[in-house]
Amino acid sequence: MIRARKRFGQHFLHDPQVLQRIVAAIAPQPGDALLEIGPGTGALTALLLEHAPTLDAIEIDRDLAHLLQQRWPQRLRLHVSDALDFDYTQLAAARGGKLRVIGNLPYNVSTPLLFRLLAHVNALHDLHVMLQKEVIDRMAAAPGSADYGRLTVMLAPHLHIERLFDVGPGAFHPPPRVWSAVARLTVLPQPRFAIPPLYGELVAAAFAQRRKTLRNSLRALLTPEDFHAAGIDPGARPETLEPAQFAALAMLARPVAL
Ligand code: SAM
C-alpha cells in the first residue's frame, strides 16, 4: 500500500462507480489531447487509457511518477513537475490541439491551480475536475449568494460551469474530512464580454474585504464619477454585482501607482 503524502493533498479515489462516472462524463473521443493533473496511483489513468492510446499527465510526487512510468512506459507521457508552474499553452501546441484537462485535484492548491489554468485558457478545451464541494459551490455561485466571490467572477467570462455530482469521503483513501464534487468546465469559444486589463486586479480588490462597499474597496482604482459613468451604485457590496458589471468598472479603472 502506498502511503499518502499530506503535503501533496493525496487522497486516492478507489470507488469504481465514481471512477466510471467521471470517465463517462468526460466521454473521451479519438484524437482528444487528454491531460491528467495529479494521476497519483493511476486509478483514473488506467480507465482513461482504455479510451485513449496515449495520455499526458503531470505528477509532482517523484515516487508515484516513477511507479506510473514503470506501469505505462510507452503510453503515459509523464511530466514530473508542479501543475502550478506548468506551461499548458506549450503542451497544447506540441499536441496540435486544445487540451482536455482531467483531475482529482489536490485541494490544498485548488484555487491557485484554477487561476493558473485560467491564464492558459486559450489552450484548453474543457476541464473535468473533482474538488472540495465548497470550491465547486463557489465556482458556480449566483450573484448575491454567500458563495459568490472572486473565483466565481474570474471564471465566469471564460467558462460554462456544470456541477455534475457529489462524492462522499468514503470514495477515497485516506478519506478527506470534506465532501467533494465533480464539475465540467467548458471553455467558451469567445469570452462572454471583453475583459479589460485591470479586471483581475479590480475583482481581487473588491472581494479583499467583502463587507466593504465598492466605494471604499476600489478607492485607489476608481473615482465617484467612474461609478456614475458605469451606472453602478458605489454603496453596493461586491457580491451584488454581475461579472459584466465588474468589467464595466475595470474599463474605467486606472492602474494603482506604486
Ligand atoms: N488522481 C488520483 C486519484 O484520483 O486517486 C490522485 C488524486 S490526489 C487528491 C492529488 C494528486 O495530485 C496526488 O497524486 C498528488 O501527488 C498530486 N499533486 C499534488 N500537488 C500537485 C502539484 N502541484 N502538481 C502536480 N501534481 C500534484
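This report covers a cavity, a loop proline, a helix and a pair of strands in a predicted model.

## Basis

Residues are numbered from 1 along each chain as its sequence is written, and side-chain values use heavy atoms, with hydrogens and water left out. As the model is predicted, local features need pLDDT of at least 70 and side-chain atom pairs count only at pLDDT 80 or more, while totals for chains, interfaces and linings use all residues. Helices (H or I, at least four residues) and strands (E, at least two) are DSSP runs, numbered from the N terminus.

## Cavity

There is one cavity of 30 Å³ or more in the structure. A cavity is a set of points, on a 1 Å grid over the protein atoms alone, where a 1.4 Å probe fits but cannot get out; lining residues have an atom within 4 Å of a point. The volume of the largest cavity is about 60 Å³, taken as the space filled by probe spheres set on the points, with grid points joined across faces, edges and corners.

Leu114, Leu117, Leu118, Val121, Leu124, Leu127, Leu155, Leu159 and Leu185 line the largest cavity. Two or more lining residues come from each of α5 (110-119) and β6 (124-132), and α5 gives the most, with three. The lining has nine nonpolar, no polar and no charged residues; Ala, Val, Leu, Ile, Met, Phe, Trp, Tyr, Cys and Pro count as nonpolar, Asp, Glu, Lys and Arg as charged, and the others, Gly among them, as polar.

## Pro191

Pro191 sits in the loop between β9 (180-187) and α8 (199-208). Its relative accessible area is 37%, so Pro191 is partly exposed (buried means under 20%, exposed over 50%, partly exposed in between; 1.4 Å probe, protein chains only).

Apart from neighbours within four places in sequence, Pro191 is in contact (heavy atoms within 4.5 Å) with Pro157 and His158.

## Helix α11

In α11 (residues 243-252), the buried residues are Pro243, Phe246, Ala247, Leu249 and Ala250. They line one face of the helix, because they fall within an arc of 165° seen down the axis of α11; the arc is that of the directions from the helix axis to the C-beta atoms. These buried residues pack against α7 (150-155), α8 and α10 (224-230).

## Strands β3 and β4

β3 (residues 55-58) and β4 pair in the parallel sense over four bridges, pairing being at least two bridges found by DSSP between two strands. Leu55 has Leu76 of β4 as its bridge partner. In β4 (residues 76-79), Leu76 and Leu78 form the covered face, and Arg77 and His79 the uncovered one.

How values were computed: On a 1 Å grid over the protein atoms alone, a cavity is a set of points where a 1.4 Å probe fits but cannot get out, and a pocket is an open set with protein on both sides within 12 Å along at least five of seven lines; lining residues have an atom within 4 Å of a point.
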